[in-house]
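Here is a report on selected helices, helix pairs and loop residues. Take the sequence and the model together.

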Amino acid sequence: MPAMACCVDPAAANFPPAYATAAVGPGSLTGLLIPPPTSHVEACHWSPTCSSELYKVDGWGAPYFAVNGSGNISVRPHGASTLPHQEIDLLKIVKKVSDPKSSGGLGLQLPLIVRLPDVLKNRLESLQAAFDYAVQSQGYEAHYQGVYPVKCNQDRFVVEDIVKFGSPFRFGLEAGSKPELLLAMSCLCKGNPEALLVCNGFKDAEYISLALVARKLALNTVIVLEQEEELDLVVDLSKRLSVKPIIGVRAKLRTKHSGHFGSTSGEKGKFGLTTTQILRVVRKLEQAGMIDCLQLLHFHIGSQIPSTALLADGVGEAAQIYCELVRLGAQMRVIDIGGGLGIDYDGSKSTDSDISVGYTLGEYAAAVVQAIRFVCDRRSIKHPIICSESGRAIVSHHSVLIFEAVSASVYESPTMTSLGFQYFVDSLSDEAQADYMNLYSAAIRGDSENCLIYADQLKQRYVDQFKEGSLGIEQLAAVDGLCDVISKSIGAPDPVRTYHVNLSVFTSIPDFWGIGQLFPIVPIHRLEQKPSVKGILSDLTCDSDGKIDKFIGGESSLPLHELEGDGGTGTGKYYLGMFLGGAYEEALGGLHNLFGGPSVVRVSQSDGPHSFAVTRAVPGPSCADVLRVMQHEPELMFETLKHRAEECCNGNGNGISALANSLAKSFRNMPYLVANSAASSSCSLTAAAMNNNGFYYCNEDDEYNAAADSATTAGEDEWSYCYA
């Protein structure tokens, strides 16, 4: 069969653009292609408001994120109280952070986490205000004081901010391991003396000793028994250390919610004590003369509690246990309702979803207070202090992960001359001719559905012949082109494109890969333009799971804009943001393909002309940093490669110097793709870079920036020998 080296060109083949015609013979499909259906929807001018509706920003983003008049995502750092001039344009942050220092930027490389401490502060205040209102309006005779479970995000500055912002209302911390307990102890030394330090999780003698030491240091520490055998250690060690402990018990409730996040609740949950075990704990404490030490009841229904009805059911059951412990002689003071306060990841306000909730902060607080008050009043029990461990609801909104789409798959319309098309038809085998005639007949009838079926049959026959070796690659490409033209002509939807993003899903969005957690992902700019492409996101890792192909709203693709530049190479920047990922993602992220964490900046609202100030900036881990984590020694690796360079360059000093410089930079740069040489050469921060033309300034974090500069300088000195 003759080889074909041409593609299909609808114009060159005289394909009419508007309608089918039968005034041609079966030797050509010229004129038989079905026109795409005409849309009856009025074409309206696209606006930022349209994009806000398309991406449901007002649903999941309120009151902290919105689409501004420029078509960019903006941050409202103070929630509903944010004034128009206080809004922060995310694109401006990205530009100033990623621009080279020579252009007035910080020279940081993407991907990037933008931390927003003002949002964190607003979340804490909103939670406290919701409970304060519920307490006051219902005549509740005790108060609310929460704790932040540090497992949600152990970043030093996140935890320190929470302690600082929460100090006026006695906000404390919860720890579930020895390292978490150490950081909580250290941070709470600067917090409110009444703030609770709740010690959860499995415990050994060292953990319990450390918790008792915390109490000795005048921290308001409570050791919560997760396993019955922990009590013996607490009793023994408290006597040895001469410290009177405050003890809590975690109860396994019968109440359980369905879905992924309810798996830790119920009678067969991972943590907690059954009612039988709780009774044994009470008896042991009575025998040890320590029943007055039992002061807190803890329980956890599960994360993302979907409805207040389920919440009230669980809280009511726990309140009954609390009242029974009071009756048995325990000096109960606190009921800790655990976590579970959910957030609305998709804006649907649904009670039947793992990624949404059907209530507000105020409704959540009112349901908790009402359920406890009702049981305690009925039992004539003094109202307890209400504590919650709401981590996800506190930190999810405070950070945004920003990354760049660097390229996209491109589907080009093939071209073929009329003569080439006729040559292609004449070269078909007998079986393929039959498929072609069926295709021709369907086109005559205007039967677009069968056109596609017969085109697929023709294509599959060519694929089979190609696999047998009886067909050349040019002919296979020609039939691919024909089928693509037919598909487009009958109005078949464009295939979903793959956008390649400068990111590791495993490192930065591990919950998507691990448990199918969905997060809002939105372009942070160009939202004044209508997105014309449906795409999925593919990361840099050499792994088929390194992609995002499920999105909020049950969508299998994301509306995106064409990348600027020829062939989808994207000479213009195209930035996407993942929102509501401030909880868990940073701590869970791994090092798949040795991609480390993102760069991080801390951005506060400012009264300056640009509405924000970067108060801290940290480059992401370098290639050397991630190699060290896996027990490699970058310095020795460099020496080995430098020695090989000396051998291969035959004494050429300039060549050795150039190779050494290149290798050293590779060790020091981030593992991610580098947009330009200016960005790649800017891996360190200086005080000058943090004070650009009044755009950035440092305030309360000056000492932290100085420490970062010192560490970076030390790193540069350490590697100075790398340069010839």
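## A buried histidine in a loop

His561 sits in the loop between β18 (558-560) and β19 (575-578). This is a predicted model. At 1% relative accessibility, His561 is buried, because the cut-off for burial is under 20%.

Which residues does His561 touch, not counting residues up to four places away in sequence? They are Tyr55, Tyr499, Pro523, His525, Arg526, Leu527, Gln529, Lys530, Pro531 and Tyr574.

## The chain overall

The protein chain has 24 helices and 21 strands. It runs to 724 residues, and buried residues make up 53% of them.

Sequence separation in the contacts is also on record here. Take contacts between residues at least 6 apart in sequence: 75% of them join residues at least 24 apart.

Glu389 lies in the loop between β12 (385-387) and α12 (392-395). Is this glutamate buried or exposed? Glu389 has a relative accessible area of 9%, so it is buried.

Leaving aside neighbours within four places in sequence, Glu389 contacts Val147, Pro149, Glu174, Val198, Asn200, His298, Asp336, Gly338 and Gly339. With one of these, Asn200, the contact is polar: the two side chains are joined at 3.2 Å. Leu341 is 48 residues from Glu389 along the chain, yet their C-alpha atoms are separated by 8.6 Å.

Ser307 is in the loop between β10 (294-298) and α10 (308-327). With 19% relative accessibility, Ser307 counts as buried. The limit is under 20%.

A polar atom of the Ser307 side chain lies 3.3 Å from the backbone nitrogen of Leu310. Beyond neighbours within four places in sequence, Ser307 is in contact with Thr351 and Tyr359.

Helix α6 covers residues 178-188. Its buried residues are Glu180, Leu181, Ala184, Met185, Cys187 and Leu188.

Helix α8 takes in residues 230-241. Its twelve residues should span 16 Å at 1.5 Å a residue, and the end C-alpha atoms are 16 Å apart, so the two values agree. Buried in α8 are Glu230, Leu231, Val234, Val235, Leu237 and Ser238. Their cover includes α7, β8 (220-225), β9 (247-250) and α9 (275-287). Just after α8 comes Ser242, with a positive phi of about 55 degrees.

## Helix pair α4 and α5

Helix α4 (residues 117-137) meets α5 with axes that come within 10 Å and cross at roughly 45 degrees. That angle makes α4 oblique to α5. From α4, the contact uses Pro117, Leu120, Lys121 and Leu124. From α5, it uses Val158, Asp161, Ile162, Phe165 and Gly166.

Is the crossing of α4 and α5 left-handed or right-handed? The crossing is right-handed.

## Helix pair α14 and α15

The axes of α14 (residues 430-445) and α15 (residues 448-468) come within 8 Å. They cross at roughly 165 degrees. This makes α14 roughly antiparallel to α15, because angles over 145 degrees count as such.

The crossing of α14 past α15 is left-handed. On the α14 side, the contact is made by Glu431, Ala432, Asp435, Asn438, Leu439, Ala442, Ala443 and Arg445. On the α15 side, the residues are Asn450, Cys451, Tyr454, Ala455, Gln457, Leu458, Arg461 and Tyr462.

## Glu647 in α21

Glu647 is found in helix α21 (residues 634-648). A relative accessible area of 47% makes Glu647 partly exposed. Its side chain forms a polar contact of 3.1 Å with the side chain of His643.

How values were computed: Residues numbered from 1 in each chain as written. Predicted model: local features only at pLDDT ≥ 70, side-chain atom pairs only at ≥ 80, totals over all residues. Heavy atoms only, no water. Buried < 20%, exposed > 50% of the residue type's maximum accessible area, 1.4 Å probe, protein only. Helix = DSSP H or I, 4+ residues; strand = E, 2+ residues; numbered from the N terminus. Expected span 1.5 Å × (residues − 1). Contact = heavy atoms within 4.5 Å. Polar contact = N/O pair within 3.5 Å; in protein donor to acceptor, adjacent residues only side chain to side chain. Axes fitted to C-alpha atoms, helices over the stretch in contact; angles between N-to-C directions. Parallel < 35°, antiparallel > 145°, perpendicular 65-115°, else oblique. Left-handed = near helix turned anticlockwise from the far one by under 90°.
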